[in-house]
Amino acid sequence: LRADKFADNDPYWGEEFAEIYEARKTHEYPLGNMPLIVLTRGKSEYPANESGQKLNEERQRMQSDLLNLSRNSKQIVATSSGHHIQLDDPALVIFAIGQVIDSVRSRSRLR
């Protein structure tokens with residue numbers, strides 16, 4: 001069995017996003033100063049047409065909007081990865097986790 005076959009099968013995924021969405025209505029930065037790295041795929045998975053371009057622009061906007069969950073956030077684009085960054089570029093995921101851990105330990109902003 002391949003891990004990528006199960007990556008999107010989390011039954012709580014929709015519920016978690018709904019909770020985050022509701023929290024954002026009442027708090028500007030619901031995660032406060034908690035370190036947050038948004039990993040964004042670099043490869044488009046949409047058709048190379050006008051509709052695909054619009055979908056990609058919306059996805060990019062939504063990814064950037066996630067930065068507003070915390071005052072201590074940054075975005076890293078996985079240029080050689082599709083949706084499953086943990087499978088396509090695990091070293092980048094490990095690097096991002098290390099940055100979050102360092103930020104928590106040193107009580108400093110992400111670099």
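What share of the 111 residues of the protein count as buried? In this predicted model, the share is 24% of the 111 residues. The accessible surface comes to about 8200 Å², and carbon and sulfur atoms account for 55% of that area. Taken along the principal axes, the box filled by the C-alpha atoms is roughly 45 × 35 × 30 Å.

The secondary structure consists of 4 helices and 2 strands. Their order along the sequence follows the pattern α-β-α-β-α-α. Contacts between residues at least 6 apart in sequence were also examined by separation. Of these contacts, 73% join residues at least 24 apart.

The largest pocket holds about 1300 Å³ of space. Its lining is made up of 30 residues, and those nearest the pocket centre are Trp-13, Phe-17, Gln-63, Leu-66 and His-83. Two or more lining residues are given by each of helix H1 (13-26), strand E1 (36-41), helix H2 (50-65) and helix H3 (85-88). The largest share comes from H2, with 7 residues. By class, the lining of the largest pocket comprises 15 nonpolar residues, 6 polar residues and 9 charged residues.

Gln-63, one of the residues nearest the centre of the largest pocket, belongs to helix H2. Gln-63 counts as buried because its relative accessibility is 18%, the cut-off for this class being under 20%. The side chain of Gln-63 is in polar contact with the side chain of Thr-40, at 2.7 Å. When residues up to four places away in sequence are not counted, Gln-63 touches Val-38, Leu-39 and Thr-40, and also Gln-75.

Helix H4 contains Leu-92 as well as Ser-103. With a relative accessibility of 14%, Leu-92 counts as buried. Residues up to four places away in sequence being left out, Leu-92 touches Leu-39, Ile-76, Ala-78 and Ile-85. Leu-39 is also among the residues touched by Gln-63. Between Leu-92 and Gln-60, which lie 32 residues apart along the chain, the C-alpha separation is 19 Å.

Ser-103 has a relative accessibility of 3% and therefore counts as buried. A polar contact of 3.3 Å links the side chain of Ser-103 to the side chain of Asn-72. Apart from neighbours within four places in sequence, the contacts of Ser-103 include Pro-35 and Asn-72. Ser-103 is also in contact with Ser-108, Arg-109 and Leu-110.

Arg-107 lies in the segment after helix H4 (90-106). At a relative accessible area of 81%, Arg-107 is exposed, the cut-off for that class being over 50%. The backbone of Arg-107 has a positive phi of about 50°, although the residue is not a glycine. Most residues other than glycine have a negative phi.

Tyr-29 is placed in the loop between H1 and E1. The relative accessibility of Tyr-29 is 27%, so this residue counts as partly exposed. Residues touched by Tyr-29, not counting those up to four places away in sequence, are Asn-68, Leu-69, Ser-70 and Arg-71. Tyr-29 and Leu-87 are separated by 58 residues in sequence, and the distance between their C-alpha atoms is 30 Å.

Notes
Residues numbered from 1 in each chain as written. Predicted model: local features only at pLDDT ≥ 70, side-chain atom pairs only at ≥ 80, totals over all residues. Heavy atoms only, no water. 1 Å grid on protein atoms, 1.4 Å probe; cavity = no way out; pocket = protein on both sides within 12 Å on 5 of 7 lines; lining within 4 Å. Points joined across faces, edges and corners; volume = space filled by probe spheres on them. Nonpolar A, V, L, I, M, F, W, Y, C, P; charged D, E, K, R; others polar. Buried < 20%, exposed > 50% of the residue type's maximum accessible area, 1.4 Å probe, protein only. Contact = heavy atoms within 4.5 Å. Areas by Shrake-Rupley, 256 points an atom, 1.4 Å probe, with all protein chains shown as cover. Polar contact = N/O pair within 3.5 Å; in protein donor to acceptor, adjacent residues only side chain to side chain.
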